[in-house]
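Please read them with the coordinates open beside you.

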Amino acid sequence: MKKMMIVLLSVLLIAAFGSLAGAKTLKVGLDADPVSLDPHVQLSGGMLQLSHWVFDPLVRWTQKMTFEPRLATKWKRIDDLTMRFYLRKGVKFHSGNPFTAKDVKFTVERLKKSVDFKGLFEPFAGVKIIDDHTVDITTKKPYALLLNMATYIFPMDSKFYSGKDKNGQPKDAIVKIGPSFALNHESGTGPFKVTYREQGVKTVFERFAGYWDKKSPGNVTKMILTPIKEDATRVAALLSGDVDFISPVPPQDFMRIKRDANVNLFTYPGGRIITVQMNEKRRKEFRDVRVRQAIVYAINNAGIVKTIMKGTATVAGQQSPPGYAGHNPACKPRYDLKKARALMKAAGLEKGFTCTMIAPNNRYVNDEKIAQAVVSMLAKINIKVNLKTMPKAQYWDEFDAQVADMQMIGWHSDTEDSGNFSEFLVMCPNKKTGYGQYNSGNYCNPEVDKLTLAAQSETNLKKRAAMLKKIEKILYDDAAFIPFHWQNHSYGARKNLMVKPIINTMNFPYFGDLVIK
Amino acid sequence: MKATWQRFKSSYLLYSFRRDKVAMASFAVLVLLILTGLAAPLVSPYNPYDPSSIDIMNSELPPAWQDAGSRAFLLGTDVQGRDMVSTMIYGLRLSILIGCGAVTLQALIGIFIGLIAGYIGGKVDALLMRLADIQLSFPYLMVAIFISAIFQVAFGIGRYAELAVPLLIVIIGLSEWPVYARTIRASVIGEKNKEYVEAARVIGLNRRLIMVRHILPNTITSVLVISTIQVANAVMSEAALSFLGLGMPVTKPSLGSLIRSGFEYIFSGSWWITIFPGILLVIFVLVINLLGDWLRDVLNPKLYKGA
Amino acid sequence: MFAFIVRRIGQAVLVMLVISLVGFSIKNRIGDPVRDVVGERVTPAERAALRQKLGLNDPFLVQYVRFVENALKGDLGLSFFYKKPALKVIISKAPATLELVFVTALILIVVSLPIGVFTAIRPRNWFSRFTMAFSTLGVSIPVFLTAILLIYVFAVTLNWLPSYGRGLTVDIGGWQSGLLTLDGLKHLILPSISLASIMLPLFIRLIRAEMMEILETEYIKFAWAKGLRRSRIWFLHAFKNTLLPVITVFGVQIGIMFAFTILTETVFQWQGMGFMFLEAVERSDTSLLVAYLVVVGVIFVVVNTLVDIIYGLVNPTVRVAGRK
């Protein structure tokens, strides 16, 4: 027994200190770990982050929001419906299989089968293999955002994922709940291989020796990802040196991290708009545009950004963040309590009314606290709000059922484009088309619908931007929803990590390119 | 009335109370806390439940004696800009309300079941006590968590804020009744065969009357002793539930929820959001426990083993 | 004895049925598990199809009967989040909680026995008085507050001890142990102290009370009269007889300690069963919740039965078989 323990301990010591020469280990603490190794099992920020580490997309976004060639080296439009992609040669999967056009076709077809991704890939007709390293991707209608969507195509090893696993289940099966081959096995082309995974506890990545991108400056040889759910604990882990990199950093700890001599704080403006919708079906008061405007005027969203968010967000007056085609500089944030009271008086509601509100408490940064602030702000125009907050797992059902008069929702555009906001959040809810799926305010303006649909297939970018800007103005004047802010992404890292070049507005830190000094 | 007062004045209880400095001090503090809590709307500088009085721009102000502190907020403010002093006083009021309410409920259920089990005996007794055993074998906190989860769903969202207090009373009340039931049953069985009960039965008094009039009064001392400890426990349970996010809604924070919300800020230096409510909670529970200890020693020296 | 055990098993089965029924009836009320496993963009129709596939739309009784049938075969369902059999998930989380409870129990024994005995034989000593006063304070501090204060002092301010998690663990035949590495032991210190803090005063008082009571008994007086040595009377005659009731209470309190682990594990992000339970509530991982309920139920019934049996064996005045 004693001998065994000595052996065990020495093995551990070797594991801990043996990786000294040249090896760089990165310990990452995130609020959650990826739910699976199958990139198509869930469409979520966490899964896309994983995809960038283990797989590699055809093209990816740069910090300047341009497209960077990855597995596709070039692309060109052939006609209104088709785009040709020239694939990188000499790329190998983790399994050793070579990467070819077949894998792209396999991946797009699998995406169209995925419950989570099939909506996004609905406009796509299919993939035609021209030769081993050329594919044509076609859409059903002219589609302005084809290249944006190519950032979602992370080719998977078609050979590796073919056949049946030992349970007799096809290896390419996308299984939401229960075991599947892709849940625990991966073969991508990305910078890291997964060598160990215990869900909810730890995932270990090791650099893939055959990684195609020899130009990448990244020198991380091993990455250990630990989920640390509690904000305060995550920060403590960074400061005590237990981990080298954390995200997100809770706003309340920004100063502490800035003050510390060993760590750096990085923030990057994100595109997620936080809003509260006012249900016009449930409350006749909300049908009066003056009441909606009064509420927007009563919300001191700049104050929320300053105090609760500690300045780590951009105050918003509309859906589209700066830099998006639809961002309309005329839609400025408005806070004016006097005006709010006057509007309530004009609507004949100076005595106010009572309504209900729900918000999640673990979905957005400080969501619960923002909701609480709304309660006290609306109290100042005599609207009494009964607030209930709940974990996100319970929240979305309640949201769909529209159980409360006011409901919080944050949205990040899937396509990094303004149209996506309107399609989901403010178009008239329509079960058949799926538009307005998250419009729990039941705001319905035919003009907004018309403009949004027209913008989808408008390929003249200037005209398109004008349409999207007009939508924002209409929504602004109608006070269709209460805008709060666009959340910033935040990262804390030890001083020797060169974090700046690898972060971006999508919140996908490209760890493959991370340099540790 | 006067006679009762006379009897109380010359009682052993008062005599030993006046000789015990700790008991007297605890009693004084407890009375002070309870009065403050009950008179919360009169004594607290602000009304933390009135959202219109809260300004987000006052958030996280440190206590008045620190540099950034403001005279207007003696012990500082929480992240929403609520005055800590007022919020703590209202939180204390909630603790008192929930503590006493839950214990009353526990006592009612427990005494009822205990009386029936003890007096009737046989199969009824076995069944009821088995039920108590089973519930006791599950830690009360778990029972409370489950019941709380069920209730949160059963009542709609808008009404939850209003109903939270009675709900917590029911939740904590339902989870600890076996403590009473067991004690009462034990003393009922002890009393049942005594001569005065026999006598009552011989006269032909009916069961219910015997139980309520004759047996129940004899169990009062043990009920009193348990109750003090149970109030302290109930206050702690409420704090624990709120700390886990299953108790009071965020807009009506209790001491437990204040401690929880402060925990997020303790690393960043806003220690007062956690520490002050924590101290208040400990003092409150401590004086109840000290009084409970004293009461137990005086009234029923044999009981002190169990608790 | 045999009849007693059979009856206990019968009761246990009944309890399990009730617990699983309760668990099942809240199952559909605490959120939709499908919601948590799909992204936010998935359409309602797709979600409905998934629910159908998982059998979540079946009538309550159908689901329940299916669950009981599978449970009898040892299958408590799949955890939605972990995508593994729920029982496996729980078992994999058990070592963390058990080690925490084990170390806490160790602290309890090592600290409470000597102090309890000392305060009993020297009740007027300043240390005894101090301990008794302090113990009341001890029971009055909620365990989560102790935990927060410990973190604040030892992890944040002094930076001596880690504030979260289990640290480095060693795999011994599937049992992830933190007891064998220095790092793991360091991580155990704060959580176990905060967990012990709530129980310690209780045990000191209990031991003291039992010991004092026994010191008053006739046979101890007789021993004094016989002129036996002090240490012999204290440690052989009195102490030995103190132990029996202490052991019984200890058994019961260990059960209660499991409940407090929920709080400790939350504060310290300790990857044990309590932490898993609260996470499952948050994620609406209902099948894991129900499985957890059943497992906890089994543990408690077994522990209680064992305590009763042991008690019956060592104390012949309690006739376990009759119990009427």
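1. Helices (H or I, at least four residues) and strands (E, at least two) are DSSP runs, numbered from the N terminus. On that basis chain C has 12 helices and two strands, and its order along the sequence reads α-α-α-α-α-α-α-β-β-α-α-α-α-α.

2. This is a predicted model, in which local features need pLDDT of at least 70 and side-chain atom pairs count only at pLDDT 80 or more, while totals for chains, interfaces and linings use all residues. Residues are numbered from 1 along each chain as its sequence is written, and chains are lettered from A and ligands numbered from 1 in the order in which they are written.

3. Taken along the principal axes, the box filled by the C-alpha atoms of chain C is roughly 85 × 60 × 35 Å. Of its 324 residues, 41% count as buried, a term that requires 20 or more other C-beta atoms within 10 Å of the residue's own, with C-beta atoms placed from the backbone.

4. Among the contacts of chain C with a separation of 6 or more, 71% come from residues 24 or more positions apart; a contact here means C-beta atoms, placed from the backbone, within 7 Å.

5. In the loop between helix H4 (60–72) and helix H5 (86–121) of chain C, C:Lys83 has a positive phi of about 60 degrees although it is not a glycine. C:Lys83 is buried, with 22 other C-beta atoms within 10 Å.

6. A:Asn507, likewise not a glycine, has a positive phi of about 65 degrees, and it sits in the loop between strand E18 (497–498) and strand E19 (515–516) of chain A.

Definitions and conventions. A residue is buried if 20 or more other C-beta atoms lie within 10 Å of its own, exposed if 12 or fewer, and partly exposed in between; C-beta atoms are placed from the backbone. Two residues are in contact if their C-beta atoms, placed from the backbone, lie within 7 Å.
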